[in-house]
Amino acid sequence: MKNKGMLERALSILQRLGKEAAVPYHETKVSLQIKQILEEQNIEYFEDKYGNIIASYRNPARENSKPQIAFVSHMDHPGIEIISIGKSDLVGKMIGRTSDSIFTKPTPLIIHDSIGQTIKGKSLGRHSNSAETLQIMTIEDVIPILPAFAVFDLPEFILEDGKIRMRACDDLVGCAASLTILEHLAKENKPGNVQAIFTRAEEAGLVGARLIAHDELISKETIIISIETSKSIPGGEIGKGPIIRVGDAATTFSQQAESLLNLSKEHLKKREKDIQIQRQLMDGGVCEASAFILNGYSATGIAFPLAHYHNGLGESLIEPEFIDANDFMVGLDLLLETTSINIGDESDLFARLKSHPSELSEKLKRK
Ligand SMILES: [Zn+2]
């Protein structure tokens with residue numbers, strides 16, 4: 001593989017991000033870590049008024065031949081917002097979907113509050129008859145101070161048997177991939193015009209991405225590439241490579257944008273024949289490419305096939321998610337390759353498919 005060093009760097013970033021807890025609307029810890037990494041890398045960024053981060057790498061001397069690209073990933077993960085604190089009980093609201101066992105079985109939690117306390121707790125099941133609220137108790141004798149949130153008490157990052165197991169592969173994997181590519185471009189002084197967008201509240205309904213797409217903070221010329229994990233399905237399977245995502249549960253993505261990924265795949269295959277990259281419509285969920293597509297952008301995506309999606313949605317237990325480390329490595333190669341494509345470059349396959357089959361047309365005419 002070409003970029004073992006890049007994988008190692010990406011894994012160390014991922015491990016660092018994995019230590020930070022986040023749920024929709026409470027992404028401060030992950031956000032601070034991402035900003036710190038960008039500062040260490042000397043990469044420019046700004047935050048929009050909603051707290052989404054937009055980082056940019058531009059090589060002004062050499063950028064014109066390259067398409068503008070923006071990678072999009074999200075900082076949050078399904079979890080619990082604490083909505084009230086009584087004398088002996090807390091009430092939380094589940095944001096994002098997970099295993100229904102959260103409503104029926106005691107589930108260990110870690111509560112994070114506004115004064116920096118981390119407190120062990122557990123959910124005791126559904127609170128009253130409301131669909132999303134949970135009865136929560138603290139195990140330690142400490143009362144959290146609102147605003148506060150809780151995450152599942154699961155491993156932050158374990159690399160074992162070629163698998164990356166985390167409470168929140170979704171979507172720290174995407175954030176780590178973006179940061180790694182930007183850092184690599186900057187270090188090597190590569191040509192390009194590449195942005196990385198780190199959004200908030202994706203699990204609450206693509207909230208950050210919808211706001212960015214709506215505000216047009218990103219030029220409409222930009223090709224958007226969502227980087228996500230997605231529930232493994234037939235044709236998009238763990239260990240068989242990253243997936244060029246043709247669409248999600250809501251929309252089909254842009255052919256123009258996808259052609260960048262197709263061409264990158266063709267380049268990688270020329271260098272390494274057996275490299276595995278899948279292509280599939282991943283309809284296990286909706287990803288941020290849809291928010292951009294529906295706001296008039298040219299958008300596509302890659303997905304890393306994932307086990308225990310949302311810590312076990314549709315399953316009987318809350319568990320860490322995992323992806324395959326080799327899928328992650330090939331995905332990094334694929335994303336990096338997109339940044340070296342020139343405007344006007346065309347895939348051999350596409351050139352052949354759109355060419356006029358002159359000789360064969362003679363054969364058809366003879367019949
Ligand atoms: Zn996600």
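A residue counts as buried if 20 or more other C-beta atoms lie within 10 Å of its own. Keep that cut-off in mind while walking through this predicted model. Take R245 as a test case. R245 has 26 other C-beta atoms within 10 Å, so R245 is buried.

Where does R245 sit? Its place is in strand 14. Strand 14 covers residues 243-247 and is joined by 3 bridges to strand 16, residues 298-306. These two strands run antiparallel. Within strand 16, G301 is the bridge partner of R245. R245 also touches several residues beyond four places away in sequence, including F253, M282, T300 and I302. R245 and L281 are 36 residues apart in sequence, yet their C-alpha atoms are 5.6 Å apart in space.

Now step back to the sheet. Strands of a sheet pair through backbone hydrogen bonds, either parallel or antiparallel.

Helix 1 comes next. Helix 1 spans residues 4-18, 15 residues in total. From first C-alpha to last, helix 1 reaches 21 Å, close to the 21 Å expected. Which residues of helix 1 are buried? They are M6, L7, A10, I13, L14, L17 and G18. Because these residues cover an arc of only 135° around the axis, they lie on the same side of helix 1. The face turned away from that side carries the exposed residues K4, G5 and E8. What covers the buried residues includes helix 2 (28-40), strand 11 (163-166), helix 3 (169-187) and helix 7 (325-338).

Finally, look at the whole chain. The domain assignment gives domain 1 (4-77 + 156-349) and domain 2 (79-152). The centres of the two domains, taken over C-alpha atoms, are separated by 30 Å. Their contact takes 17 residues from domain 1 and 16 residues from domain 2.

Definitions and conventions: Residues numbered from 1 in each chain as written. Predicted model: local features only at pLDDT ≥ 70, side-chain atom pairs only at ≥ 80, totals over all residues. Helix = DSSP H or I, 4+ residues; strand = E, 2+ residues; numbered from the N terminus. Expected span 1.5 Å × (residues − 1). Buried ≥ 20, exposed ≤ 12 C-beta atoms within 10 Å, placed from the backbone. Arc of directions from axis to C-beta. Contact = placed C-beta atoms within 7 Å. Pairing = 2+ DSSP bridges. Domains from an automatic or database assignment.
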